[in-house]
Amino acid sequence: RRNAIITNFETLEVPCLVLIDEEGNLINKAALGPVLSDPDAYPWRQQSVAEMLSDPSLALLRPDGSTASAADLKGKKIGLYFSAHWCAPCRAFTPTLAETYLELNGQGKDFEIIFVSSDKSQSQFDEYRTEAAMPWLSVPFDSALRAKLQTAMDVKSYPTFVVLDEECNVITKGGRDAVQADPMGDEFPWVPKLIKDLKVTTDGLLETPSIVLLSDNADSSTTDKLLASLTTAAEALTKDQGGGWKDFNFFVAKGTSQASAAVRSLVGMTGGMEDVGKKAPREDSIFDDEDESDDEEASAPPALVLLQVQNSRFYEMPNAGEGMDAGDIEAFVRSVAAGEVEPQHLAFDMGAEA
């Protein structure tokens, strides 16, 4: 029963407070922050981001100290920037984001960024805004909206940059990787590609069931063939949610990197971290997407796995290799969704048993 509750509510961290009503309907699956930040807001119903940012009482800080309202956001794409002065990767990323923001606004794009601070004091908040010369809007430090937005976006690491469309629907939660790869904003608003490159981003890999093609040690012609097969399978699977999956991601490892080695280590395959040598990981993630390893493990063959990191389990496609085609991949994913494939444990425990 404990594991069923953990799986149902996707509770990976403790403490975690989940609120349900008298009928067992979910009110808020991450209520701890809202309860602590606004104890008078019973029953702490989880608002949508659209509701939060269209609230008539919304007051955001401009760089000059004046305030902006919900009306100033209407009709614009919005970037939610979760960051803090104490976070070194945040301070490193902020100047790049500022350049991108100014470039897009210079092009006449209807785009606004809102800084959502995780600083520990008002003075740190003020210092960060001033020191970084943030050109965008900010949620006031004493506003309960900070915790509400963090909960709504399920922020687990910093910096996190979430891009929303004009209706406040999420375009991507991987805005940090997108901006770093495209600082001039040529691909704005950075709609995620169907197949994500592990060397570029790991966005969603930890939170969502993910199909990963490990072609990190194959030659380019083999990788192109396998990627074409994965793309065809992904297109078919996304049409009907893979036979019952609510949401899932597709990744490809086209070259050896810390990210591909970390995945191989998680599933106990040759070519993992112990083979390529460990490097210092990025401070906010177990995956370092930026550095490639020069020490390739030629014996690591192409493979395909379906990761459910949130449940500490994975599924390995049998008889995978250079010959797998789109039909094989699609059949494998559908068989996993139907419960026909036995799960295996990942190499670390995220708090839930298989």
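1. Pro-43 sits in the loop between helix 2 (32–37) and helix 3. Helices (H or I, at least four residues) and strands (E, at least two) are DSSP runs, numbered from the N terminus. Tyr-42 and Pro-43 are joined by a cis peptide bond, with omega about 5 degrees.

2. A word on the model. It is predicted: local features need pLDDT of at least 70, side-chain atom pairs count only at pLDDT 80 or more, and totals for chains, interfaces and linings use all residues. Residues are numbered from 1 along each chain as its sequence is written, and side-chain values use heavy atoms, with hydrogens and water left out.

3. Look next at Trp-44. This residue is found in the loop between helix 2 and helix 3. Its phi is positive, about 55 degrees, although Trp-44 is not a glycine. Trp-44 counts as buried because its relative accessibility is 16%. Buried means under 20% relative accessible area, exposed over 50%, and partly exposed in between (1.4 Å probe, protein chains only).

4. Now go to the loop between helix 7 and strand 10 (195–197), where Pro-189 lies. The peptide bond from Phe-188 to Pro-189 is cis, and omega is near 10 degrees. Trp-190 lies in the loop between helix 7 and strand 10. Phi of Trp-190 is positive, near 65 degrees, in a residue other than glycine. Trp-190 has 6% relative accessibility, so it counts as buried.

5. The structure holds one disulfide. In general, a disulfide is a covalent bond between the sulfur atoms of two cysteines. The cut-off used here is a pair of cysteine sulfur atoms within 2.5 Å. Which cysteines form the disulfide? Cys-87 and Cys-90 do, with their sulfur atoms 2.5 Å apart. The link of Cys-87 and Cys-90 is right-handed, with 80 degrees about the S-S bond. Cys-87 is buried, at a relative accessible area of 5%. Cys-90 is buried too, at 0% relative accessibility.

6. Two further cysteines deserve a check. Is Cys-16 buried or partly exposed? Cys-16 counts as partly exposed, because its relative accessibility is 39%. Cys-168 counts as buried, at 15% relative accessibility.

7. On to the cores. A nonpolar core is a set of buried Ala, Val, Leu, Ile, Met, Phe, Trp, Tyr and Cys residues joined through side-chain atoms within 4.5 Å. The largest one has 47 residues, and Tyr-81, Ile-114 and Phe-161 have the most contacts inside it. Elements that each supply at least two residues of this core include helix 3 (49–53), strand 5 (77–83), strand 6 (111–117) and helix 7 (175–181). Helix 4 gives the most to this core, with six residues. There is also a second, separate core of 22 residues, and among them are Ile-211, Leu-227, Phe-250 and Val-333.

8. Phe-125 is found in helix 5. Phe-125 counts as buried because its relative accessibility is 1%. Contact means heavy atoms within 4.5 Å. Leaving aside neighbours within four places in sequence, the contacts of Phe-125 include Leu-61, Phe-115, Ser-138 and Phe-141. Phe-125 and Ala-84 are 41 residues apart along the chain, and their C-alpha atoms are separated by 7.6 Å.

9. Last, Ser-260. Its place is in helix 10 (residues 258–266). Ser-260 has 0% relative accessibility, so it counts as buried. Which residues does Ser-260 contact, leaving aside its neighbours within four places in sequence? They are Leu-198, Leu-214, Asp-216, Ala-253 and Gly-255.
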